[in-house]
Amino acid sequence: MSEIQHPPTNSVPDSHCSSCGAPYGEGVSGWPRTCEACGAVAYRNPLPVAIALLPVYDTKGTALVVVTRTIVPARGRTALPGGYIDDREDWRQAVVRELREETGIDAAARDVRLVDAMSSPDGHLLLFGLLPERPADLLPPSDPTDETEGWHLLRRPEELAFPLHTLAVKAWFEGRYI
């Protein structure tokens with residue numbers, strides 16, 4: 001019995017044309033890039049991320065819901081609930097989906113209001129959606145999820161896992177997202 005031969009796998013991302021499969025020449029770098037074989041132009045577009053800002057209040061005052069991450073990047077660090085926007089998903093739907101997936105807290109997409117959009121140095125576009133303030137005692141219990149240790153309340157600005165989360169939290173506590 002002969003051994004099955006598999007073609008070598010390409011371990012270099014973006015080294016081949018996504019239209020015809022031809023390899024880009026050694027001198028081709030940067031974006032956009034044009035395939036010499038078929039002429040297709042390829043672009044590197046930012047990956048959009050939806051971030052939830054959920055203010056809550058209790059007898060101690062007003063706070064924001066944050067999570068402790070159990071996945072990379074930033075495992076073990078505090079962040080705002082959020083993640084990538086799925087294909088063909090409205091960014092508001094992504095905000096409430098990520099909030100629910102990471103905290104168990106439900107919200108309505110119609111209640112999400114865009115308060116900031118920031119670009120990160122690594123090519124991500126972050127859309128910060130603000131939800132209406134709600135009482136903390138009406139939130140579900142903080143339970144671990146597939147991506148978090150659960151949720152907790154952030155009562156003052158502090159450095160978070162991601163620099164743009166830190167900036168957004170600071171802006172919210174300063175009253176700039178009214």
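This is a predicted model: local features need pLDDT of at least 70, side-chain atom pairs count only at pLDDT 80 or more; totals for chains, interfaces and linings use all residues.
In total, the structure contains 12 salt bridges.

One of them is formed by Arg44 and Asp14, whose side chains meet with a nitrogen-to-oxygen distance of 1.8 Å. Arg44 belongs to the loop between β2 (41-42) and β3 (47-53), while Asp14 belongs to the segment before β1 (33-34), so this pair ties together parts that are 30 residues apart in sequence.

Another salt bridge brings together the side chains of Arg77 and Glu159, with 3.9 Å from N to O. Because Arg77 sits in the loop between β5 (61-69) and β6 (78-79) and Glu159 in the loop between β11 (148-154) and α2 (163-173), the pair ties together parts that are 82 residues apart in sequence. Here Arg77 is partly exposed, at a relative accessible area of 34%. Glu159 has a relative accessibility of 64% and therefore counts as exposed, since the class of exposed residues begins over 50%.

A further salt bridge joins the side chains of Arg92 and Asp90, at 3.0 Å from N to O. Arg92 is partly exposed, with a relative accessible area of 31%, and Asp90 is likewise partly exposed, with a relative accessible area of 31%. Salt bridges can also share partners: in this way Asp86, Glu89, Arg97, Glu98 and Glu101 are joined into one network.

Terms used
Residues are numbered from 1 along each chain as its sequence is written. Side-chain values use heavy atoms; hydrogens and water are left out. A salt bridge is a side-chain nitrogen of Lys or Arg within 4 Å of a carboxyl oxygen of Asp or Glu. Helices (H or I, at least four residues) and strands (E, at least two) are DSSP runs, numbered from the N terminus. Buried means under 20% relative accessible area, exposed over 50%, partly exposed in between (1.4 Å probe, protein chains only).
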